[in-house]
Amino acid sequence: MKKVRAVVMALVCMLCLSGCVRFNASIDVKKNGKVDVSMIYAAMSLEDYGFGGDMFDEETVENFENDGWTVEPYSEGNFAGYKLIRKDVEIKELAESLKDNDTDMVNMNSFKVTKDGLKYVIDWDLDGIGELSELQAYKSYFDMSGGYLTVDINLPVKPSNHNATKVSDDGKSLEWDLLSPDMDGIYLEFTLFSFIWIFILCGIGLALAIIVVIAILVIDANNRKKYARS
């Protein structure tokens, strides 16, 4: 078993260093704190390198499916692999799911999400993606072959802090190019405002305002009666 794992790891490293892999994690955060996620794991045809087999074994695919992921074949040009999809999941639950389904290609155990009130923090240490500093030195090979290692996060609000390598004009869509120099992790802070609580607070405020107005009118009416009697 150790020999098989060593061969797989050597293959993954060789493909990474030749720029012949694709990895993308795309996370769409909703206003209610839930997310839609899709992840692509792909490589150029393994047969081209004298290896057979697949990027995921049957057990890995089964583990993802049992945990609520939809696993689809991915194919584009000379790249083939898998696309993993999960929708409407809590961010904290997503982090736990990724830890339970760690892969040789990417260390998901380092994907962490913390929540403090309405504030969320995503912290992903990327040391687990091979030797990231070495991969960054091979960025030109990735570009030539069509390979990439990227993470996209789309938010309903502007983040309060981040280290993204690319940001949309409205500041809500962020991209991390893992091959950028000195990139060693993903960090993101953002705050989600719950519209339900906003409506509740507005309702309470309106009710208090009505009570105050009624109280003022009642007091004024009583004072008028007193003046009229006097």
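Here are some questions and answers about the predicted model shown above.

User: What kind of model is this, and what pLDDT do local features need?
Analyst: It's a predicted model, in which side-chain atom pairs count only at pLDDT 80 or more, totals for chains, interfaces and linings use all residues, and local features need pLDDT of at least 70. Residues are numbered from 1 along each chain as its sequence is written, and side-chain values use heavy atoms, with hydrogens and water left out.

User: In the open sheet of 7 strands, which strands stand at the edges?
Analyst: Strands here are DSSP runs of E with at least two residues, helices are runs of H or I with at least four, and both are numbered from the N terminus. Two strands pair if DSSP finds at least two bridges between them. The sheet has mixed pairing and the order 3-4-2-1-7-10-9. Each edge strand has a single partner strand, so one side is left without a neighbour in the sheet: these are strand 3 (70–76) and strand 9 (166–167).

User: Which residue in strand 4 is the bridge partner of E72?
Analyst: Strand 3 and strand 4 (residues 79–90) run antiparallel and are joined by 7 bridges. In strand 4, the partner of E72 is K83.

User: Which residue does E76 form a salt bridge with?
Analyst: A salt bridge puts a side-chain nitrogen of Lys or Arg within 4 Å of a carboxyl oxygen of Asp or Glu. For E76, the closest N and O atoms are 3.4 Å apart, and the partner is R22. That pair links distant parts of the chain, 54 residues apart, with E76 in strand 3 and R22 in strand 1 (residues 21–29).

User: Is R22 buried or exposed?
Analyst: Buried means under 20% relative accessible area, exposed means over 50%, and partly exposed is in between (1.4 Å probe, protein chains only). E76 has 44% relative accessibility, so it counts as partly exposed. R22 has a relative accessible area of 10%, so R22 is buried.

User: Which ring does R22 lie over?
Analyst: A charge sits over a ring if NZ of Lys or CZ of Arg is within 6 Å of the ring centre and within 35 degrees of the ring normal. R22 is at 4.1 Å from the ring centre, over the face of F79.

User: Which residues are joined with K30 into one salt-bridge network?
Analyst: K30 forms a salt bridge with D36, with the closest N and O atoms 3.3 Å apart. K30 also forms one with D88, where the closest N and O atoms are 3.3 Å apart. These salt bridges share partners, and the residues joined with K30 are D36 and D88.

User: How are the rings of F64 and W69 arranged: stacked, tilted or edge-to-face?
Analyst: Rings of Phe, Tyr and Trp (its six-membered ring) pair if their centres lie within 6.5 Å; planes under 30 degrees apart count as stacked, over 60 as edge-to-face and the rest as tilted. Both F64 and W69 are buried. Their ring centres are 5.9 Å apart and their planes are at 85°, so the pair is edge-to-face.
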